[in-house]
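Please look over the model below before you read on.

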Amino acid sequence: MGFIKRRKRNFMINKTENMQEKKSGLKTFEGVYTPTLLTILGVILYLRMGWIVGNVGLTGTIIIILLAHVITLSTALSMSSMLTNIKIGAGGAYAIITRSLGHEMGGAIGIPLYISQTFSIAFYITGFSELWVSFFPSHSQVFVGVITWALLSAISLKSTKLAFRIQYVILVAVMLSLISFLLGTNLNNGSLVLKGTFSNGNFWSTFAIFFPAVTGILTGATMSGELANPRKSIIKGTLGAVFTGLVVYLFVAYWFAHQATQEMLLTDPSVIFKLSKIKILVIAGVMGAVLSSALSTLVSAPRTLAALAEDRVIPFSGYLAKQSEKGEPFNAIILSSVISVIVIVAGSLDSLAELLTMFFLTTYGMINLVVFLEQITGVISYRPSMKMTIFVPITGTLGCLSVMLLINPIFTVFTFSTIIILYIYLKKKNLTSPWGDVRGGIFISIAEWAAQKASSIPYHPRLWKPSVVIPIENPHDFKRLSGIVHDLVFPSGRAYYLSSTEDEKVEYLNQKEIGEVLAPLREDNIFIQETLITSAKFESVLFPALQCMKSSFLAPNIALFTISEEGEKRDKLFRLIDSMKGLKLSHCYLWLHPKQGLGLERKINLWLRDKSPNNDLAVLCALQLSRNMGAELTLCRVVKVDEEKKETAKKLLLFIEDARLPANTKIRVFSGDFIKHLKEINSDLSIIGMPPDSELLTKFIKESPSSILFVSSSGFEDALL
C-alpha cells in the first residue's frame, strides 16, 4: 500500500509540474505551427517559385515539391515517432540524435545543424534585402541586410514570446498576400508552362534552391525547451505545417504556370507582384514571411547552441550555456547574430540556398537513421506511442543521401568527412551522458546476427585463434602474466579473466583491482571478459566455471595456468589437471624461472616431439609469442641416434615452409637425452609438449635454465592451415 501511495503522490507531483509548465510555456499554434509554417512559406515561395516553374516547368516543379516533401514528411514522421518514445530536452533535432547515438554523434551533427541555422538567418535576411532593393534600387542591399539584422536581433534579445507573437500579424499578412495573388490578373495568353527550358540550371541544382523551403520542420523542434508540452506540440504543429505547406506550394506552382509566360517567370524574380490584384498586400506578405522566417531561426539557432554548450560539446561551454534572468540564452544569441551578419555581408541568396540544402539534408538523414537503428535493434525501450513502418525512416535516409550525391557529390563527401572528424574529436573528450543510447543495442544486434550465422557454420581448425582463459586467485598475480597473455592473444585473440572472491562485500573492490591490472590489455584494444565468482574455494568452482565458459558463444579454447615454486600449490595444480581431463579445452602451463623470468624475450626454443598430439598448439603459441615479442624462433628436436639428424633436419625445414613460419626460423637437432640438451641450450622461453606425468614435469622445471610453457592440445588446432 505504501508503494501505491508513493506512486500516486509522485504522479500528482508530476501532474502538477506538467500543469505549471503548460501554463508558462508556448502552445502548439504559437510555438510550433505558426513559426514552422511561416518558415516554409518564405523566401522561396515568393522570390524563387516563379523562376523554378519557368526553369523546370510545372511538371518538374511538382516532382521537386513532392520529392522534397517525401523527405521532409519522412523526417517529420520519424521525429514524431522519437518524440513519443523519449522525453526531449532543449535542442530539438540535436537532442533526438544525442539521446539515441550519444553525445559524440549528436555533437557531430548538432554543430553543422547550428551552422546551417545561423546561415538560414542570413538566407532569409538576404532574401528580404533583395526584395527591398527591387523597390528601392538606390539602397544598398548589404546596408539593408545589416539594419534588418540589427532590428531582428534586438527583438530576439528582448523576448522569445514577443518574437513569436509578432508572427500572428505576419500570418494574417501572408494569407492576404496569397489571396491577392490568386485573384490577380492572368498575363499568360498561351497554355500552361508544363515543360522547362533548364537554361538556368539542371533539375538537381533547381531542387537544391527549392529545398530550403521545406527545412522549417526543425523550427518547432528546436524550441522544445520553450514549449509547454513539447511531445504533443512538435508532432501536431510540425505535421500540420508540412501538409499546409505542401498544399500551398502545389497550388502556387500551378498558378504561376497558369498566370504567367515562361519568359516572365525566368527573367522577373518579382513577377508575383505583377500577377497580384492588390500589390501592397503581397509586399506586406512577402516581407512579413521573410522577416518571420529570419526571426524564428534567430530565436531557435541559439537554443541549439545553448544545448550543445550545456552538454559541454563545444568550447566555451560555460559562457555559451549561460542564461539571462528571463531564461534567454543571451550569449548564444549574441554569437549567432554575429555569425549571421558576417554571412549576410559575404553571401548571395542562391549560393546560400544550396549550402543550406546540404546541411539540412545531413540532419534529416541522421534523424531518419536514428529511428531506423532504434527499430532494427529490437530493444524494448523503443516503444513509441506513434508507431510506423520501417520503410518511413529507410525512405528518409536513402532519400537524403541520394539527393545529396545528386546535387553535389564533392560537398557530400566533405560534409560526411566533417562529421567524422567532429565525431573523433568529441570521442576523445570522453563525454558522459545521464541516459543510455542506442549504440550498444546496434552492436548487440550485429553480434546476435553474427552469432546465429557463426553457430550454423561447423567449426574448422582454419578458424582457430587464441582465446585464453586465465584462472587467477588474486588480481595482483595477473601482473606478472599480463605480458605473456598480451603476446599470446594480440592483436585479434581474446582473453578471459576468471577469478573468485570469498566475500560479496569486497566484490566491488576486487573488480576495481581487476580493472587496473587489465588496463594495459584494454589499451591495445584486446577483447577481454571478466568473470568473478563468489566462492570460499576457487578450485572447487573452477571446473564447472570452465565448463560453462566452454559452452558459451566465443568460448575460450586455451586455459593458461601458472606453475608455482611452492610444492603445496604445485600439488594442487596437478590435482586440477587430473580433474579437467574430460574438458575439451587446450591447456598451457607457464613456469616462470625465479631468477631469469622471460629474460630479454629475444629467443624462443620450440621443442617438437615426433608425432606429438601437442605439436600444433605448440607451434601456434610459438608463432604468436615470437611475432609479438620480436623474438627469434628455433625449432628443436631430440632424436635417438646421430644417423637420424640429417633426415630430421630436412623434415623440419619442410615443416617451416608448410607451416609458413618466419623466414629467420632456425632449426637444431640433437641426439641422446632430452633433459641434457634442455639444460644446455640457452633461450628466454622454451615451449614443450605436456609431459605424461607430474614427476617428469617437475624434473624439466628443475633442470631448465629458462622459463617453460607446457602445452596440452585438445586436438582442435592445425598449424598447417
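**Notes on the model**

1. The protein chain has an accessible surface of about 33500 Å². Carbon and sulfur atoms hold 60% of that surface. Accessible areas come from the Shrake-Rupley method with a 1.4 Å probe, and for residues only the protein chains shown count as cover.

2. This is a predicted model, where local features need pLDDT of at least 70, side-chain atom pairs count only at pLDDT 80 or more, and totals for chains, interfaces and linings use all residues. Residues are numbered from 1 along each chain as its sequence is written, and side-chain values use heavy atoms, with hydrogens and water left out.

3. The chain has 721 residues, and 53% of them are buried. Buried means under 20% relative accessible area, exposed means over 50%, and partly exposed lies in between (1.4 Å probe, protein chains only). The secondary structure comes to 26 helices and 10 strands. These are DSSP runs numbered from the N terminus: helices (H or I) have at least four residues, strands (E) at least two.

4. Helix H19 (residues 482-489) is mostly covered, with 7 of its 8 residues buried. Among them are Ile484, His486 and Asp487.

5. How do helix H16 and helix H17 cross, and at what angle? Helix H16 (residues 391-407) and helix H17 (residues 409-428) have axes that come within 5 Å and cross at roughly 125 degrees. Axes are lines fitted to C-alpha atoms, for helices over the stretch in contact, and angles run from 0 to 180 degrees between N-to-C directions. H16 and H17 are therefore oblique to each other. Angles under 35 degrees count as roughly parallel, over 145 as roughly antiparallel, 65 to 115 as roughly perpendicular and the rest as oblique.

6. The contact (heavy atoms within 4.5 Å) includes Leu401 and Met404 of H16 and Thr412 and Phe416 of H17.

7. The structure holds 6 salt bridges. Each is a side-chain nitrogen of Lys or Arg within 4 Å of a carboxyl oxygen of Asp or Glu. One of them joins Asp610 to Arg637, with the closest N and O atoms 3.9 Å apart. Asp610 lies in the loop between strand E6 (603-607) and helix H23 (615-629), and Arg637 in strand E7 (residues 632-639), so the pair ties together parts 27 residues apart in sequence. Arg637 is buried, at 13% relative accessible area.

8. Glu632 forms a salt bridge with Lys666, the closest N and O atoms being 3.2 Å apart. Glu632 is partly exposed at 26%, and Lys666 is partly exposed at 42%.
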